[in-house]
Number of protein chains: 2
Amino acid sequence: MLELIDLSKKLSKEVYQETFPELEARLGACQRAALEAGVPVIVVFEGLDAAGKGSLINRMSQALDPRGFSVHPVSAPNEIERYYPWMWRFRSILPRDGHLAIFDRSWYGRVLVERIEEKISRRRWEEAYDDIQQFERQLTDAGRVIVKFWLHIDKKEQKKRFKKIGKVPALAWKVGKQEWLHHRRYDEWIEAAEEMLQRTSAAHAPWTVVEATDARFARVKVFETVIEAIQQELGRRASAPKVKPEPMPKPEVSPTREHTILDRLDSNLAMEREEYNTELEKLQKRIFRLEHEIYVARIPAVIVYEGWDAAGKGGNIKRLTRGLDPRGYEVVPIAAPTPLEKSHHYLWRFWSKLPKAGHITIYDRSWYGRVMVERVEGFCEEEEWRRAYREINEFEKQLSDFGTAIVKFWLHIDQEEQLRRFEARQQTPEKQWKITDEDWRNREKYEQYRICVVEMLQRTSTTYAPWTILEANCKLYARIKALRTVAKCLEEALEKA
Amino acid sequence: MLELIDLSKKLSKEVYQETFPELEARLGACQRAALEAGVPVIVVFEGLDAAGKGSLINRMSQALDPRGFSVHPVSAPNEIERYYPWMWRFRSILPRDGHLAIFDRSWYGRVLVERIEEKISRRRWEEAYDDIQQFERQLTDAGRVIVKFWLHIDKKEQKKRFKKIGKVPALAWKVGKQEWLHHRRYDEWIEAAEEMLQRTSAAHAPWTVVEATDARFARVKVFETVIEAIQQELGRRASAPKVKPEPMPKPEVSPTREHTILDRLDSNLAMEREEYNTELEKLQKRIFRLEHEIYVARIPAVIVYEGWDAAGKGGNIKRLTRGLDPRGYEVVPIAAPTPLEKSHHYLWRFWSKLPKAGHITIYDRSWYGRVMVERVEGFCEEEEWRRAYREINEFEKQLSDFGTAIVKFWLHIDQEEQLRRFEARQQTPEKQWKITDEDWRNREKYEQYRICVVEMLQRTSTTYAPWTILEANCKLYARIKALRTVAKCLEEALEKA
């Protein structure tokens, strides 16, 4: 494939001087239009060493409004980045709505330089293809534009450029042992690049191979491609019918919605205070020990708490953390997204709050809000919450592949018990702040939520991240069951590590 | 001083059980009140190894609403953090309005563990005292509460605790060679701690020494102290008269405001296109080389562009960056702060956008907005912009101490030239987006701005971060002068390094 690229392509100075200034102005106008329309754009530059990424990116930067773009040079992951799933470092620097991000090398390093230099095992880079495909599909599904360039030069040209750079004193350090090694392995680069181009070209995120021998030619081709991609998305948005999501209506009574997993729970499960006290102390000690063991073993843990209002999430979390060392865990309460968070993919804020290897993060509510409150209240479109099941499973799979222990709790109480607790809160002065009008409104939407909960449990309980339902009419029982589940999960993760 | 601390202080189980639950509830209520009133709270725990920081912090966490606090364990700076001025890593994790941040060890590591382990020179930790004092004063000036605890135990108690921890298999790694070395150097710790307590105790950020032999006693003392500090600030805010800042009025004509530095500029300075072209090419090459030299020498550079509207900042910046490698520089345009940025100290967003060692950051407008637009428009209180001169000088001093090359440009055009440019923009279709009603409104406030500019230039031009005024009626002249200034500054920084 790459051998058929015509590397002799050129643009004369005259044609260039006629075309380029106008192209530059058009790119600038295009970017301002994207900024206004809130379209995020991701431009990826990959290519052989010395193929000219740097100067291309610089010329692009010149044409853009600095208020709306950023350049991200990507090199080997640093100390901190290695403590997270490998894509973490890219997720956190994605552009928000309207912004343009230029990546100078990218996530494709995993299947190029890391593969060639044998920094990771074959299994790891093979797996990376799935991660990359999911990543880019999630982004384009959410209306992000992805433009990817492979800058190509032949072996002779690379050698010529290396030598030229080597002669400039201020730059000589740029062409070191590593680069010459890459040069000798030119054929391996081509092999890896071809495989990458084939496996990751998709209609929604296509690759453009750029003949980079002639800088003028490359420049014009890159500018034209970016302009076209942005205009396409702007056109699509302009012609797309505006969908205004609506709250989920109250469902009709139907026998198909009875006898769900929630109806089959034993609402009488309970525990006496005395047994509870003994068990609690034992479990807290066990988990304290495990917290230190997973720290040493560098295993991260994700613990999700979801459940009905007043089901006892807060109290349950407190019993879990009471015995822990605060340096090893964090409780992250999830509320409505901020404006900044809303201008990103909805999973973005969760990616940025993952535990470091060896640490525990406890989520008081989580990414499951997408398929519950956002669905019920009409905060997102139907297509968005439908897609979310798959996106969540992919998200948790990537955590699991990294070795993360994942526990997900659904705290279940029946409606009578909820009413009792609401009323008790209202009557106790120091607990009144815990109950709001919203809680009462949510209660009225019980039937809608029940449908969402059942669907969520079924569609996102996976072998690598199963749900655990906590029968929580008796708080003591639910707490002990939660702590036991956490302990068991951490022990299993330690065995596997 | 520390030898007079009575380490035998104790609290009986009975008294504790009577007092503590109520204290816990009061701390929770206090935090919720601070959250509501927007008061940020910083709680620092320093102390001897094994003095009980961990379990104290855990008990505090239990009493707080997780929506409003975070715990920051501080250890040695990592790879990335070493590329920035030493306080950078603390600035970025300060709590926003209403939030509470608990520091498990802190910036005081610089004058404690880093001093004792001789990780830094005496000069460095001596200097750190100034940085710390400035840092805390800036924060409390802006209404932040700082509570600092020194947890104290004697040498015998420390030994006892080390041995106990060493016997628990899951924890034994916590007491290693390092910790026993610290133990042997107990007296040096005490010496360093005493000096620290004396030099950094201030009315606005006092230290509380906690007798930590008895965990119950320590817990009660810590809770009481935090509650009191928060209540004090809440009280202060409730009784403080509400000041609503007002826009700066148009000043009376006065002979004292004539013949300023701005009037003495030569408005006829100009350059011909031909000379410009030759000079520009030479300077761009020189700066390209310097960009790579400071990268290798790990020198960061800060380049600030301020100036009248339409003075040509954008075009000037483009000529500077045209020849650079995009991996080495970033242009940061400064607009109005976002809500998140507003909920922090006003310098916070600039701290988080500093260049890494070896990189260049170019600011299109900057922290000087505080003493210009914010002062003129009444976006901040008089006390705030008055204080800002000193805060800015301190900020730039810390950058300079780290070896940062600092260039600050004021682009000056006279009023007739500005009018010509405004009108030209309005008449050129592809430039119309560059001119807004706000530009015309700012122009009407010329007299106010002139006062601010002169005062700013005089009060913030320092030996380590001087202002350079660019006579910009002729854009070509201003660009060449800017590039020359940058080149010279980088060369000087290289010489000094």
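## A tour of a two-chain predicted model

Let's begin at one spot in the chain: A:R365 sits in the loop between β8 (360-364) and α14 (373-377) of chain A. Keep in mind that this is a predicted model. A:R365 has a phi near 70 degrees, which is a positive value in a residue other than glycine. Is A:R365 buried, partly exposed or exposed? It counts as partly exposed, because it has 17 C-beta neighbours inside 10 Å, and partly exposed is the class between 12 or fewer neighbours (exposed) and 20 or more (buried).

B:E118 is not a glycine either, yet its phi is positive, at about 55 degrees. You'll find B:E118 in the loop between α4 (113-116) and α5 (122-141) of chain B. B:E118 has 9 C-beta neighbours inside 10 Å, so it counts as exposed.

Here are the two residues side by side:

| Residue | Phi | C-beta neighbours inside 10 Å |
|---|---|---|
| A:R365 | near 70 degrees | 17 neighbours |
| B:E118 | about 55 degrees | 9 neighbours |

**Chain A as a whole**

Now zoom out. Chain A holds 19 helices and 10 strands, and its C-alpha trace spans about 85 × 50 × 40 Å along the principal axes. Of the 497 residues in chain A, 35% are buried. What about contacts between residues at least 6 apart in sequence? In chain A, 84% of those join residues at least 24 apart.

Where they touch, domain 1 of chain A puts in 17 residues and domain 2 of chain A puts in 17 residues. On the domain 1 side, the elements giving two or more residues are α3 (88-91) and α5 (122-141) of chain A. The largest share of that side, 6 residues, comes from α5(A). Sorted by class, the domain 1 side has 8 nonpolar, 3 polar and 6 charged residues.

**How the two chains pair up**

The contact takes 36 residues from chain A and 36 residues from chain B. Several elements of chain A give two or more residues to the side that touches chain B, including α1 (13-37), β2 (69-73) and α10 (273-297). Which element gives the largest share of this side of chain A? That would be α2(A), with 5 residues. The side of chain A that touches chain B divides into 17 nonpolar, 7 polar and 12 charged residues.

**A closer look at α2**

Helix α2 of chain A runs over residues 53-63, and its buried residues are A:K53, A:L56, A:I57, A:M60, A:S61 and A:A63. Why do these residues fall on the same side of α2(A)? It's because they cover an arc of only 160 degrees around the axis.

Technical notes: Residues are numbered from 1 along each chain as its sequence is written. Chains are lettered from A and ligands numbered from 1 in the order in which they are written. This is a predicted model: local features need pLDDT of at least 70, side-chain atom pairs count only at pLDDT 80 or more; totals for chains, interfaces and linings use all residues. Helices (H or I, at least four residues) and strands (E, at least two) are DSSP runs, numbered from the N terminus. The arc is that of the directions from the helix axis to the C-beta atoms. Two residues are in contact if their C-beta atoms, placed from the backbone, lie within 7 Å. Ala, Val, Leu, Ile, Met, Phe, Trp, Tyr, Cys and Pro count as nonpolar, Asp, Glu, Lys and Arg as charged, and the others, Gly among them, as polar.
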